[in-house]
Amino acid sequence: MNEHIKLGVINTLKIVRTAEQGFYLEALDEESVLLPNVYIKSDMQIGSLIEVFIYTDSEDRLIATTLKPYAMKDEFACLEVVDTAKFGAFVDIGLAKDLLVPKNRQSSSFNVGGRKVLRVIEDEKTQRLIGTEKFSQFFSKDINNLVKNDEVKILLYSKTPLGYKVIVNNLYDGMIFHTEIFENINIGDVKKAYVKNVR
């Protein structure tokens, strides 16, 4: 069971009481959060420990859901643009509430129906989850864990004359050269690959 309720990740919390709008869940520090009725299943009861994802509602209150988003905090994913506004764009993250990508976090134009590779982060000012297309500063420089011939998971995020730039294991910036590609691939694809060189 979680000691504190953590935004943007899966929390294990205890059902402590029922209310008209749903169940209240509690962490060890007795902070509580609402699980709305729409996510309640028949086998949930007071005292049960359940796994929930925590995000904020439109009024910035913490809310729990049993849905699993396409990406959690500090993860990358290719997400579909569902709406645009002057201040930013909204992408489908697999939850009831879409994820905002503020204008100042975009580096290309966002069009409804398009897909973008983004990182989910917590906005320091608002304490809300947001998406960012400007993610190069989040890559790890500590490559000691990468060994030649290791199998890795890659997410393609940009095409260059040499090949595709990829995110390796949700941590590192990488490159797969055109000469090493033996299938049709597109930006946003997630693939298995093998480490050829570590630079």
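Predicted model: local features only at pLDDT ≥ 70, side-chain atom pairs only at ≥ 80, totals over all residues.

Trainee: What makes Phe76 and Phe139 a stacked pair?

Mentor: Rings of Phe, Tyr and Trp (its six-membered ring) pair if their centres lie within 6.5 Å; planes under 30 degrees apart count as stacked, over 60 as edge-to-face and the rest as tilted. Phe76 and Phe139 are 5.8 Å apart centre to centre with 20 degrees between the planes, so they are stacked. This pair links distant parts of the chain: Phe76 is in strand S6 (residues 76-85) and Phe139 in the loop between S10 and strand S11 (151-159), 63 residues apart. Strands here are DSSP runs (E, at least two residues), numbered from the N terminus.

Trainee: How do you know whether Phe76 and Phe139 are buried or exposed?

Mentor: Phe76 has a relative accessible area of 9%, so it is buried. Phe139, at 7%, counts as buried too.

Trainee: And what is the geometry of the pair Phe87 and Phe90?

Mentor: Their centres are 6.1 Å apart and their planes 85 degrees, so the pair is edge-to-face. Phe90 has a relative accessible area of 22%, so it is partly exposed. The structure holds 7 aromatic pairs, and ring pairs link Phe76, Phe135, Phe139 and Tyr157 into a cluster.

Trainee: What makes Arg128 and Asp60 a salt bridge?

Mentor: A salt bridge is a side-chain nitrogen of Lys or Arg within 4 Å of a carboxyl oxygen of Asp or Glu. The closest N and O atoms of Arg128 and Asp60 are 2.7 Å apart, so the pair qualifies. Arg128 sits in the loop between strand S9 (115-122) and S10, and Asp60 in the loop between S4 and strand S5 (62-65), 68 residues apart. By this rule the count comes to 8 salt bridges.

Trainee: Which parts does the salt bridge of Lys73 and Glu122 tie together?

Mentor: The side chains of Lys73 and Glu122 meet at 3.0 Å, N to O. Lys73 lies in the loop between S5 and S6 and Glu122 in strand S9, so the pair ties together parts that are 49 residues apart in sequence. At 25% relative accessibility, Lys73 counts as partly exposed, and Glu122 has that label at 27%.

Trainee: How do you know that S1 and S2 pair?

Mentor: Two strands pair if DSSP finds at least two bridges between them. S1 and strand S2 (residues 22-26) have 5 bridges in the antiparallel sense, so they pair. A hairpin joins S1 to S2 through 2 residues, and Ala19 stands opposite Gly22 in S2.

Trainee: What is the strand order in the open sheet?

Mentor: The 5 strands run in the order S8-S7-S6-S9-S10, with antiparallel pairing. The edge strands are S8 (99-102) and S10 (129-132), each pairing on one side only.

Technical notes. Residues numbered from 1 in each chain as written. Heavy atoms only, no water. Helix = DSSP H or I, 4+ residues; strand = E, 2+ residues; numbered from the N terminus. Buried < 20%, exposed > 50% of the residue type's maximum accessible area, 1.4 Å probe, protein only.
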